[in-house]
Amino acid sequence: MLAVAILAAGKGTRMKTDLPKVLQQLCGRSLVERVLEAASSVSPDRQLVIVGHKKEAVESALAPIPNLEFVPQIPQLGTGHAIQQLLEPLQGFTGNLVVLTGDTPLLRAETIQNLVNVHQQRHASATVLTAQLPDPTGYGRVFCNQDFVIERIIEHKDCTESQRLNQRVSSGVYCFNWQELAIALPKLTNNNAQKEYYLTEVFDYLQTVIAVDANDYEESFGINDRLQLAHAHQVIQTRTREKWMRAGVTMILPETITIDDTVELAADVIIEPQTHLRGKTKILGGTTIGPNSFITDSTVGSNCQVAYSVVEDSEIGADCKIGPFARIRGASVVGDRCRIGNFVELKKANVGSQTNAAHLSYLGDVTLGTHVNVGAGTITANYDGFQKYQTIVGDRTKIGSNSVLVAPIRIGDNVNIGAGSVVTRDVGSDSLVIARATQVVKPDYYDPQGRKKNDPQ
Ligand code: UD1
Ligand code: CA
């Protein structure tokens, strides 16, 4: 049997945050969600999350993840005290316990798997994931012999100056033989610089404790403050970009591009500089996104171009030209071969295929048919100050420049609306509509000096 426990009860004092530290977001997911995802790779029989500080917030953030057991730790008296809380829920459990800290989001699944494998092969009491860090400040230092048998782990604050020179650190990731750990846990003391019950003291009471160095030392980074959070961001972004470039995505100046790891990209997507892809975004093949675009929770079809634009919660078909400077939001759906932008905003818009709105428009709560041409400056007046109303436009209709469609309104197929019209009533198919003041021309009104003729003054 294999159980995993994740330490997520601490306050995160160094983060200086209202949010529990483990809920800090990192490229679309929280720190602890990332740790849980890596943990699930070892297919544990039980997953226990130790919660304390703002435990309701942590529990509700993790509620969508199935089969988690939350174990309260109140008050929080240190990492050893946290693991002592498992004595009751894991009573009678036989097998190994993997312990992870909720603040090590860079850990890879295969690294945890390797730790468990080595632990089992060596029949150890405990196996510690260690790393040799260029700057080990703040971490517990691991002292071991040539066979990687650990003699002691000493917390940074309890080290002498010369002990601090040791660059081998504990990553806070361990695999324990649970039955041996259960006997050792009650022996912990808080006789140290922080007056806490350290989990690392438990190694003094266990038989064989071995160290396994992580291949990539960055995986063991613990995120305690905003600088480390920013660094983790960079590490994850680099990993994500490299993954997509290997999968056939072109990136121009990749270091200026950010991509959540919930995003999916097809081969032959091109991403131009300063582009940011967030949430459940999906981009299909042959499409170029950017420069300077922000796409979140949206799908963009194949062979599109999206430049200098913002797309949120929406779907764009194939072969579309979006932007420069379009904003598409509110669950809009754009068909194939459409052109949206320059300076066009779509909100809750359903746009048929081969329809163009190419300049300076606000189109909200609207359904446009296919082959519609929306003239420059067209506005849907969808709001009367109290409620929003729908505009429906049929196929092949042409809306003249600077028209206002006052909703609720329904315009048929093949309608031609004269430029500058304010259309307030429904229009049947095949009509010409002109809804504007008639032009008034008064010839010979001024004299050559620009004075009004026949002026009584
Ligand atoms: C800990 C380790 C250190 C290791 C480092 C790796 C101890 C004593 N120290 O130090 O050896 O090098 O991680 O990152 O274990 N937590 C609780 N309950 C508590 C205290 C903490 O659940 O009472 C949780 C925190 O939410 C956090 C994790 O335990 O997720 C680690 O705590 P933190 O204070 O960050 O420990 P470090 O000082 O970084
Ligand atoms: Ca830490």
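Me: Which conventions apply to the model?
Reply: Residues are numbered from 1 along each chain as its sequence is written, and chains are lettered from A and ligands numbered from 1 in the order in which they are written. In this predicted model local features need pLDDT of at least 70, side-chain atom pairs count only at pLDDT 80 or more, totals for chains, interfaces and linings use all residues, and side-chain values use heavy atoms, with hydrogens and water left out.

Me: Why is helix α1 described as largely enclosed by the rest of the structure?
Reply: A residue is buried under 20% relative accessible area, exposed over 50% and partly exposed in between (1.4 Å probe, protein chains only). Helices (H or I, at least four residues) and strands (E, at least two) are DSSP runs, numbered from the N terminus. Seven of the ten residues of α1 (residues 31–40) are buried, so the helix is largely enclosed; among them are Leu31, Arg34 and Ala39.

Me: Which residues coordinate the calcium ion (ligand 2)?
Reply: Donors are N, O and S atoms within 2.8 Å of the metal (3.2 Å for Na, K and Ca); water is not among the atoms, so sites may look incomplete. Here Asp103 (OD) and Asn224 (OD1) coordinate the ion at 2.4 to 2.5 Å. These two residues are 121 residues apart, with Asp103 in the loop between β6 and α4 and Asn224 in the loop between β11 and α6. Both Asp103 and Asn224 are buried.

Me: Which element gives the most to the shell around ligand 1?
Reply: Strand β10 does, with three residues.
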